[in-house]
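Here are some notes to read alongside the structure. Take the points one at a time, and keep the 3D view open while you go.

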Amino acid sequence: MQSKNDYRLPLDLSRLGPKRWRKLLWLIEDWVAGAHSGTVRHAIDIMVPTGTPIVAAASGLVVWVKNDGLYGGVAKKYWLQGNRVVIRHDHDEYSAYEHFKPQGVLVHVGQRVVEGELIGYSGRTGYGFLPHLHFEIFQHPSADCSEGETIKIFFKDIGLVKDGDV
Ligand SMILES: [Zn+2]
């Protein structure tokens, strides 16, 4: 299943042209092979350094935030440390962004954001080898709206559907 809404890339790297982006996104797909499974199988990881500005992929309402994670690494104990934002959009779709740097989230639950608005700075809190942005579009949210079932993402700015399931 593919997203009903169109989303923009959640990063503002406007100096990079679409070609460079495509290359980056294909690299991502190779890199994440095996890293996402089950309900997060359509998530993607974008390799960006700590401190990269992260923007809302579409307009919506912030429904879930974690901003007190301090650490990251490749061990189970880091699994729930990832600083994360979830935004609700039209058609009951949700975007999720994870691994913001400590105190790197700039929005709060109940806040309305517009497409392209700065929501925080990337980092390496939570589970991961390297600093990166984990990005998902999901539906069928859990009771607290923190997670759901991921779907394939249509990025309008690069005219490409990305699917973490490789
Ligand atoms: Zn990921």
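1. **A pair to begin with.** S1 and S10 are paired strands, running antiparallel with three bridges. Two strands are said to pair if DSSP finds at least two bridges between them. In this pairing, Ile 44 sits across from Phe 135 in S10. Strands here are DSSP runs of E at least two residues long, helices are runs of H or I of at least four residues, and both are numbered from the N terminus.

2. **What kind of model this is.** Please remember that this is a predicted model, in which local features need pLDDT of at least 70 and side-chain atom pairs count only at pLDDT 80 or more, while totals for chains, interfaces and linings use all residues. Residue numbers start from 1 along each chain, as its sequence is written.

3. **The overall plan.** The chain contains one helix and 13 strands. Reading from the N terminus, the order is α-β-β-β-β-β-β-β-β-β-β-β-β-β. Of the 166 residues in the chain, 38% are buried. Buried means that 20 or more other C-beta atoms lie within 10 Å of the residue's own; exposed means 12 or fewer, partly exposed is in between, and the C-beta atoms are placed from the backbone.

4. **Contacts across the sequence.** Two residues are in contact if their C-beta atoms, placed from the backbone, lie within 7 Å. Among contacts in the chain with a separation of 6 or more, 70% are between residues 24 or more positions apart.

5. Besides the pairing in point 1, look at S6: it pairs with S10 in the antiparallel sense over five bridges. There, Ala 96 faces Glu 136 in S10. S10 is also joined to S11 by two bridges, again antiparallel, and Gln 139 is opposite Glu 149 in S11.

6. **Is S10 enclosed or open?** S10 is largely enclosed by the rest of the structure, because six of its seven residues are buried. Phe 138 lies in this strand. With 23 other C-beta atoms within 10 Å, Phe 138 is buried. Leaving aside residues up to four places away in sequence, Phe 138 touches Tyr 94, Ala 96, Glu 147, Gly 148, Glu 149, Thr 150 and Ile 151. Phe 138 and Ile 153 are 15 residues apart in sequence, and their C-alpha atoms are 9.2 Å apart in space.

7. Follow the chain into the loop between S10 and S11, where you will find His 140. His 140 counts as exposed because it has 12 C-beta neighbours inside 10 Å. His 140 is not a glycine, yet its phi is positive, about 50°. Ser 142 is in the loop between strand S10 (133-139) and strand S11 (149-150). Ser 142 has 13 C-beta neighbours inside 10 Å, so it counts as partly exposed. Not counting residues up to four places away in sequence, Ser 142 touches Glu 147 and Gly 148.

8. **Which residues have the most contacts inside the largest nonpolar core?** They are Val 85, Ile 87 and Tyr 97, in a core of 29 residues. Two or more residues each come from strand S1 (44-46), strand S3 (60-66), strand S5 (83-88), strand S6 (94-105) and S10. S6 gives the largest share, five residues. A nonpolar core is a set of buried Ala, Val, Leu, Ile, Met, Phe, Trp, Tyr and Cys residues joined through C-beta atoms within 7 Å. Beyond residues up to four places away in sequence, Val 85 touches Val 62, Val 65, Tyr 97, Val 105, Val 107, Ile 119 and Gly 120.

9. **A closer look at S6.** S6 also pairs with S8, antiparallel and over two bridges, with Phe 100 opposite Ser 122 in S8. Gln 103 is located in S6. Gln 103 is partly exposed, because it has 15 C-beta neighbours inside 10 Å. Its phi is near 60°, a positive value in a residue other than glycine.

10. **One last pairing.** Strand S2 (residues 53-55) and strand S8 (residues 118-122) run antiparallel and are joined by three bridges. To find this pairing in the viewer, look for Val 55, which stands opposite Leu 118 in S8.
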